[in-house]
Amino acid sequence: MKKLILSAAILLCGLTAFAQTNLQLFYDFGRKQITTTLEGFYTDKGGNTFFFVDYDYFLQKSEERKFPAGTYFEIARCLNFWQNSAIAPLSFQVEYNGGVYNKYGINHAFLTGIDWFLHSKDFNNTLNFKLLYKYIVGVNQKVPMQFTAVWGCQDLFGAKGLRFSGFVDVWNEENKCIVLSEPQLWYNCGTEHFNIGGEVELSYNFGGMTGFHCLPCLGIKWVF
């Protein structure tokens, strides 16, 4: 199941409020399906909120599906009431995720932990490190923890409108180490709303698959 994270790059330390909602449309060459993602990121004086909702649509004619093949929902809140202090980069995070894919459940997961935010002076380059306790309902977890890194690079190589972003997650499930990363590359097409690009899903033991897999996706994004 896809997981997309908007980098918590934009003024996490809260000097100015920021809000963005976007809709992404991907074609997954590996799974041969289409995915839509509605994503939002909002800051305020107490921290920031991030969410996304994925819908997957199979394209095989034999399926004759008249409804989405799967959906996945994730919402996270970073709490930071000390934005003007020496520990401003540190936030406390709570998160929920879960869903359904091809009639199989993606168990409820509850996460809590800390987030550390690094950025360049102009905020064009950002990096978040997260260390989270992860409880997955009904799943055997030898180490109930998740490590996450989220990055964003705006105007990559000096090319205005070119953005490189993504994340990597590492966690334990059913006594297996699972790794998921989705680097994205977007180019803004001369308007603040429309972007073209895509992502590559790099995974290890993820989504019922064993070993390493590389699944490229081509996409467009509209920022509201």
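Student: Is Met 145 buried, exposed or partly exposed?

Tutor: In this predicted model, local features need pLDDT of at least 70, side-chain atom pairs count only at pLDDT 80 or more, and totals for chains, interfaces and linings use all residues. Residues are numbered from 1 along each chain as its sequence is written, and side-chain values use heavy atoms, with hydrogens and water left out. Buried means under 20% relative accessible area and exposed over 50%, with partly exposed in between (1.4 Å probe, protein chains only). The relative accessible area of Met 145 is 33%, so this residue is partly exposed.

Student: Which element holds Met 145?

Tutor: Strands (E, at least two residues) are DSSP runs, numbered from the N terminus. Strand E8 covers 145-154 and is among the elements that give two or more residues to the nonpolar patch. The place of Met 145 is in strand E8.

Student: How are the rings of Phe 52 and Tyr 72 arranged as a pair?

Tutor: Rings of Phe, Tyr and Trp (its six-membered ring) pair if their centres lie within 6.5 Å, and planes under 30 degrees apart count as stacked, over 60 as edge-to-face and the rest as tilted. The two centres are 5.6 Å apart and the planes stand at 40°, so the pair of Phe 52 and Tyr 72 is tilted.

Student: Where in the chain do Phe 52 and Tyr 72 lie?

Tutor: Both Phe 52 and Tyr 72 are buried, and together with Phe 50 they form one aromatic cluster. The pair links distant parts of the chain, 20 residues apart, with Phe 52 in strand E3 (residues 47-58) and Tyr 72 in strand E4 (residues 70-79).

Note on methods
Helices (H or I, at least four residues) and strands (E, at least two) are DSSP runs, numbered from the N terminus.
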